Amino acid sequence: MCTIEKRGQVFILTLTGEGEHRLSVDLIACIRCAFARVRTESLSSPFSALVTRAEGHYFCNGFNLNFANSVKSSMVQWKRSRSLTHGLISITADLMSLQVPTICVVTGEASAAGFMLALSHDYVAMHADNGFLCMSDLNNLVTNRYFLSMMKAKVKDEEMFKDLVFRSLKIPAIEAMDKGVIDFVEKTATETVEAALKLGQLLAKKNWNGKVHASLRKRAFPEIGRAIGLPDEGNEV
C-alpha cells in the first residue's frame, strides 16, 4: 500500500503498486502511520522534508467508492463515504501540522480525493507528459465544505477554478503550472522525482524552526484550517 523511508534529511512516502491508489480505509491508515513516523522522528533529528510519490500510471484516482457502494443500504453507503471523507480530512490535518516542508510528486493522474491529497502539500511537482489534475467526483464530494475550501485556497485563477469545479476538466501539468496550481514540471517521471528530492534537500538544509514552519502554513491557509477544524493560530508566531 505505502512505504516510508528516509534518504539523508528527506522522508519519502511511496504509494506502492501499479493500481490506481484509490484511498481506502486501509490506505488512509497506512499514510497516516507514515506521517506519524515523520512527526516523531522530525522532533528528535535535524530539520527534514517530506516527498510523497506513487508508483505506476496513477498518483491517486480518488476514493475507493467500491467500499461504499458494495452494500445495499443507502445509510451504510453514506456512512462509509463519510468515513473516507473524514479520513482524507485527517490526512490534510496531518500535512498542515507537520513541522517539515512537504512536496507531492504527481507523475500520473491525481483525481478527486487524489487531487486534494496533492494540494494538501506545500509544493506540487508534475510529470509533463503523464500528469493530470481532475475533480471528476466533485458531485459526490460537495457535502463537506473541506473540498471547496481547499480548491478556493489553492486554485486562485478563476477560469481554472471553473474548469475544475463546474466542468470536471482534466488539467495537464503545463497548464496547471502556468495558472499557479502547481509549482514546477519536469520532462520525465524520473526527473520529476529527482527534482522533488533536490528541493526537499534544499529546504531541509534551511534548518528552520519546525513549529514556526507549521504555524506559518496554517496562517497562510486559514480557510483550510477552519474547514478541517484546526485550532486558530492567532496573529503572532
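Modeller: We'll take the aromatic rings first, then one threonine, then the sheet. Keep in mind that this is a predicted model.

Biologist: How many aromatic pairs does the structure hold?

Modeller: There are 2 aromatic pairs. One is Phe47 with Trp208, whose ring centres are 6.1 Å apart. Their planes meet at 70°, so the pair is edge-to-face.

Biologist: Where do Phe47 and Trp208 sit in the chain?

Modeller: In distant parts, 161 residues apart. Phe47 is in the loop between α1 (25-43) and β3 (49-54). Trp208 is in the loop between α8 (189-204) and α9 (210-220).

Biologist: Is Phe47 buried or exposed?

Modeller: Phe47 is buried, because its relative accessibility is 6% and the cut-off for buried is under 20%. Trp208 is partly exposed, at 39%.

Biologist: And Tyr146, what does that pair with?

Modeller: Tyr146 pairs with Phe147. The centres are 4.9 Å apart, with 70° between the planes, and this pair is edge-to-face. Tyr146 is buried at 0% relative accessibility. Phe147 is buried too, at 1%.

Biologist: Which ring does Lys154 lie over?

Modeller: Lys154 lies over the face of Phe221. The distance to the ring centre is 4.7 Å.

Biologist: New topic. Where is Thr14 found?

Modeller: Thr14 is in strand β2, which covers residues 10-15. Thr14 is buried, with 4% relative accessible area.

Biologist: What does the Thr14 side chain make a polar contact with?

Modeller: With the side chain of Arg53, at 3.3 Å. Beyond its neighbours within four places in sequence, Thr14 is also in contact with Met1, Cys2, Thr3 and Glu55.

Biologist: OK, now the sheet. What order do the strands take?

Modeller: The order is β1-β2-β3-β5-β7-β10. These 6 strands form an open sheet with mixed pairing. The edge strands are β1 (2-7) and β10 (184-186), each pairing on one side only. On average, neighbouring strands are turned by 20° against each other, direction ignored.

Biologist: How many bridges join β2 to β3?

Modeller: 6 bridges, and the two strands run parallel. For Leu15, the bridge partner in β3 is Ala54.

Biologist: Last one. Which strands does α8 lie across?

Modeller: α8 lies across β1, β2, β3, β5 (102-106), β7 (123-127) and β10. The helix runs at about 175° to β5.

Notes. Residues numbered from 1 in each chain as written. Predicted model: local features only at pLDDT ≥ 70, side-chain atom pairs only at ≥ 80, totals over all residues. Heavy atoms only, no water. Phe/Tyr/Trp six-rings, centres within 6.5 Å; stacked < 30°, edge-to-face > 60°. Helix = DSSP H or I, 4+ residues; strand = E, 2+ residues; numbered from the N terminus. Buried < 20%, exposed > 50% of the residue type's maximum accessible area, 1.4 Å probe, protein only. Lys NZ or Arg CZ within 6 Å of the ring centre and 35° of its normal. Polar contact = N/O pair within 3.5 Å; in protein donor to acceptor, adjacent residues only side chain to side chain. Contact = heavy atoms within 4.5 Å. Pairing = 2+ DSSP bridges. Axes fitted to C-alpha atoms, helices over the stretch in contact; angles between N-to-C directions.
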